[in-house]
Amino acid sequence: MKKDSKLVRFIEELTANSWPSHVQQTLGEWRLRANLNVSKRSNSVYTCGAFPEYEGWMEVVEDFYRRRSLLPCYYVCEASPAELDGLLESRGYRKIFECYTMVASCAEVLARPAEPGRFSPEFAEEANSEWIHDFIRLEEYSPDRYEGYVNIFSAIGPRKSFVSLRDQEKLIALGTAVVERGWAGLSNIVVDPEHRGKGAATFLLDALVRWSMCSGAEQIYLQVVKDNLPALSLYRKHGFIPLLEHHFRLADR
């Protein structure tokens with residue numbers, strides 16, 4: 001079934017706004033993005049729209065990333081030119097991180113309520129240093145990613161909330177919601193390994209969606225890697241369905 005191209009472009013625009021890069025450079029309808037090599041989304045070419053008119057666009061892309069000691073990388077989605085993926089493959093760019101963008105209505109997600117009163121959510125308009133350090137710790141990332149996340153979280157333009165979930169004062173989970181034009185994007189959902197399978201993820205999802213509804217959202221979207229089967233199972237259970245697909249193409253050197 002053919003998808004609504006306007007909806008595809010709209011959702012891709014929202015996802016880009018919810019995860020901004022520290023450095024951006026336009027190339028026609030595309031955006032070159034760099035952010036201290038923290039996250040592929042913020043260190044890749046946003047290719048929604050027609051090919052750049054400039055014939056040497058690939059050299060422009062490669063120069064942009066090489067000057068920042070980064071491997072050139074492209075975000076390839078259903079709003080990208082149809083020929084782009086094959087072109088990059090022929091140039092030796094390998095496919096990585098195949099993902100879904102999943103969507104649901106807020107009402108449908110909340111129709112499957114979490115167990116009440118078990119955990120305590122806290123909401124903040126900005127991610128302070130403690131929140132970012134906790135996020136890096138729970139994700140088991142390297143501490144040197146801190147500045148990259150500071151750049152991303154502080155640059156988000158639409159209304160946002162950074163949620164912390166506690167169980168008797170102990171931090172057990174984190175998540176982020178960004179609301180824009182009736183939609184909320186959820187990201188950074190991570191649960192302490194010791195509390196997985198105990199209802200924390202469901203409670204966190206419920207808290208994020210309730211905040212989003214109070215902030216004007218009616219629909220929810222999120223992005224998830226296709227091989228993250230536990231996350232896919234959780235989201236499907238709460239009414240999310242895959243709407244779009246994307247992946248990245250990364251130069252080997």
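**Aromatic rings and one histidine**

In this predicted model, one aromatic cluster is formed by Trp19, Trp131, Phe135, Tyr141, Tyr149, Phe153 and Phe162, where rings of Phe, Tyr and Trp (its six-membered ring) pair if their centres lie within 6.5 Å, and planes under 30 degrees apart count as stacked, over 60 as edge-to-face and the rest as tilted. Because the model is predicted, local features need pLDDT of at least 70 and side-chain atom pairs count only at pLDDT 80 or more, while totals for chains, interfaces and linings use all residues. Residues are numbered from 1 along each chain as its sequence is written, and side-chain values use heavy atoms, with hydrogens and water left out.

By that pairing rule there are 23 aromatic pairs. One of them joins Phe135 and Tyr141 edge-to-face, with 6.1 Å centre to centre and 75° between the planes. Phe135 is buried at 2% relative accessibility, whereas Tyr141 is partly exposed at 32%; buried means under 20% relative accessible area, exposed over 50%, and partly exposed in between, with a 1.4 Å probe and protein chains only.

The charged end of Arg145 sits over the ring of Tyr141, 4.2 Å from the centre, a term that requires NZ of Lys or CZ of Arg within 6 Å of the ring centre and within 35 degrees of the ring normal.

Turning to the histidine, His195 is buried, with a relative accessible area of 12%. Leaving aside residues up to four places away in sequence, His195 touches Asp167, Lys170, Ile172 and Ala200, contact meaning heavy atoms within 4.5 Å.
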